[in-house]
Amino acid sequence: MRDAQLIINRAALLHNLQLVKQYAPHSKVLAMVKANAYGHGALIIAQTLEPHVDALGVAFLAEAVALREAGIRCPIAILEGVFTPEELTQALDLGCYLVVHQAQQLDLLADYQGQHKTSIWFKIDSGMHRLGFLPQEAIPAYQRLQTIDCVRELILTSHFACADDLSSDKTREQLAVLDALHLQLHALARSFANSAAILAWPQSHHQWVRPGIMLYGSSPFATQTANDLQLQAVMHFQTKLIAIKHIAAGETVGYGSTWRADRATRLGVIAVGYGDGYPRHIQTGTPVLINGQRAPIVGRVSMDMLTVDITDIEAEYGDTVILWGDTLSIDEIATYAHTISYELACQITTRVERIIL
Ligand SMILES: *Cc1c(COP(=O)(O)O)cnc(C)c1O
């Protein structure tokens, strides 16, 4: 009966995309499908989005190659760009858009001998200090790009460090840097906004937005839930209750005997563990949902199973257990795991059965 399942709800995905378009009605959409579409399955997500978006975004070439080989035809942007002449040739053969964020990539493009041209996303480090040309390097890099044959079009792009924090000045500071630069490169289209900026910083939308997490139905903000934002969960993680037992007060549960029952306890054993991607370090007390009722995890999460206290709820052998989904938000579970939904979703392992709705 082992029955851990990941249900992927495509209607929810398209609903969330509509919300992106409501927030940024004048922008093209580059939908992020990197990291196996945040763990949701890159191909199924790309196939579902392809008719409705302007481009898809991946981190590196191999992710784009896999999508092309599986038949995805729409533009794919490679957000870290390419690093060798072979990669450049392959990316251009596949019709990929390329981010260019450092001088070596200018040299690569300049040395390209082939016939293809593509859209180049000229990346500025406006304050995140990860990838991108510093503002003072931007003008010479821009001038060089204008002499390079394979550049069909240039888009000014940058990424925000704190767009999810409405009380931080960082986004305003980054926008000021970018606005000043754009005045000097005024003809360029711009792409700055991730999900948080789509939702909270309309002045950053410009010609292209780059939603990721909101497409998957999770909130980028600590202070607003997915529900508040009318986002719908795309990923639904569930399994079954495979055993029930009764233990006396004072007994301990699981590896390390870290949890001790302070009363006679009815214990449910659930067929999900860290081998499925459920976080091992999650706190005791983290809820699962059984028949619409919350039951707290007790004891350590093991590889294939975890245990919950079902003394106070109605739960029987074989009942469905929801780890997260539309009725138990992945964002809430992420706080119990001291992480963010992005990481939980990415960590689901391949042995979990996937069901596409
Ligand atoms: C992942 C990524 C995004 C999407 O971010 P979300 O917070 O998931 O919306 C946008 N832009 C870049 C450059 C990214 O790497």
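View 1. By class, the side of domain 1 that touches domain 2 has 4 nonpolar, 3 polar and 1 charged residues; Ala, Val, Leu, Ile, Met, Phe, Trp, Tyr, Cys and Pro count as nonpolar, Asp, Glu, Lys and Arg as charged, and the others, Gly among them, as polar.

View 2. Domain 1 covers 10-216 and domain 2 covers 235-356, with bounds from an automatic or database domain assignment. Their C-alpha centres are 37 Å apart. Here 8 residues of domain 1 are in contact with 7 residues of domain 2 (heavy atoms within 4.5 Å). Together the two domains bury about 700 Å², 65% of it from carbon and sulfur atoms; this is the accessible area (1.4 Å probe) lost on putting the two parts together, summed over both.

**View 3. The aromatic pair Y97 and W208.** The ring centres of Y97 and W208 lie 6.3 Å apart with planes at 90°, so this pair is edge-to-face. Rings of Phe, Tyr and Trp (its six-membered ring) pair if their centres lie within 6.5 Å, and planes under 30 degrees apart count as stacked, over 60 as edge-to-face and the rest as tilted. The whole structure holds 9 aromatic pairs.

**View 4. The salt bridge of D312 and R263.** The side chains of D312 and R263 meet at 3.1 Å, N to O. D312 sits in the loop between β16 (306-309) and β17 (320-324) and R263 in the loop between β12 (259-260) and β13 (265-270), so the pair ties together parts 49 residues apart in sequence; strands (E, at least two residues) are DSSP runs numbered from the N terminus. Across the whole structure, the search finds 9 salt bridges.

**Notes for all views.** Residues are numbered from 1 along each chain as its sequence is written, and side-chain values use heavy atoms, leaving out hydrogens and water. As the model is predicted, local features need pLDDT of at least 70 and side-chain atom pairs count only at pLDDT 80 or more, while totals for chains, interfaces and linings use all residues.

Notes: A salt bridge is a side-chain nitrogen of Lys or Arg within 4 Å of a carboxyl oxygen of Asp or Glu. Helices (H or I, at least four residues) and strands (E, at least two) are DSSP runs, numbered from the N terminus.
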